Amino acid sequence: MNRKFDFSEIDGALPDAEKMQERERMTEALEENCKAVRVLCDRMERLKTRLSETLPIVDGAVSSLQQAGRVTVSKESRQALEREGDAICRKMADRMESECSKLIGRLSAGNRVIISSTAFWCMIEDSSSLRQPSSASVPQTCISCTAYGC
């Protein structure tokens with residue numbers, strides 16, 4: 001009676017058992033998801049009901065605000081507001097004009113020297129040549145001065 005146990009049947013049954021366990025886990029997960037979806041649907045239905053009850057109230061409040069937002073002004077009041085607005089605008093224009101005249105005074109050409117662009121560049125070249133060490137006693141002259149005779 002020395003029979004050996006054949007494991008091949010068990011090896012064949014293992015994948016089927018694993019598949020069944022996986023299916024059971026997936027089935028349980030789906031059942032839990034269905035329960036959660038039902039709860040969410042119930043909550044959504046309650047929120048929808050509350051919203052449908054609240055919307056007419058909000059609509060009434062908005063329409064009353066629109067009516068309250070309309071202001072009618074008498075002719076005298078409108079003219080007074082226009083005069084006040086004109087006075088404010090005139091005051092601002094006068095202030096801007098005085099500030100502009102101050103700025104123009106600061107930027108006036110009275111304290112400036114007008115020179116040609118050639119003379120300007122000659123001055124730049126001369127000032128840059130003063131910074132560079134010059135060779136013995138060779139006088140350096142500006143190229144522009146040589147060309148244009150500044």
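This report covers salt bridges in a predicted model.

The count comes to four salt bridges. Three of them are described here, including one in helix H2.

**Helix H1**

Helix H1 spans residues 8-69. Arg25 and Glu22 pair up in this helix, three residues apart. That spacing is about one turn of the helix. Their closest N and O atoms lie 2.7 Å apart. Arg25 is partly exposed, at 49% relative accessible area. Glu22 is partly exposed too, at 36%.

Glu32 also forms a salt bridge, with Lys35 as its partner. The closest N and O atoms are 3.8 Å apart. This pair counts because the cut-off is within 4 Å. About one helical turn separates Glu32 from Lys35, since they sit three residues apart in helix H1. Glu32 is partly exposed, with a relative accessible area of 48%. Lys35 is partly exposed, with a value of 48%.

**Helix H2**

Helix H2 covers residues 75-106. Here Glu82 forms a salt bridge with Arg78. The two are four residues apart, about one turn of the helix. Glu82 is partly exposed, at 43% relative accessible area. Arg78 is partly exposed, at 40%.

**Distances by pair**

| Salt bridge | Closest N and O atoms |
|---|---|
| Arg25 and Glu22 | 2.7 Å |
| Glu32 and Lys35 | 3.8 Å |
| Glu82 and Arg78 | 3.1 Å |

Key. Residues are numbered from 1 along each chain as its sequence is written. This is a predicted model: local features need pLDDT of at least 70, side-chain atom pairs count only at pLDDT 80 or more; totals for chains, interfaces and linings use all residues. Side-chain values use heavy atoms; hydrogens and water are left out. A salt bridge is a side-chain nitrogen of Lys or Arg within 4 Å of a carboxyl oxygen of Asp or Glu. Buried means under 20% relative accessible area, exposed over 50%, partly exposed in between (1.4 Å probe, protein chains only).
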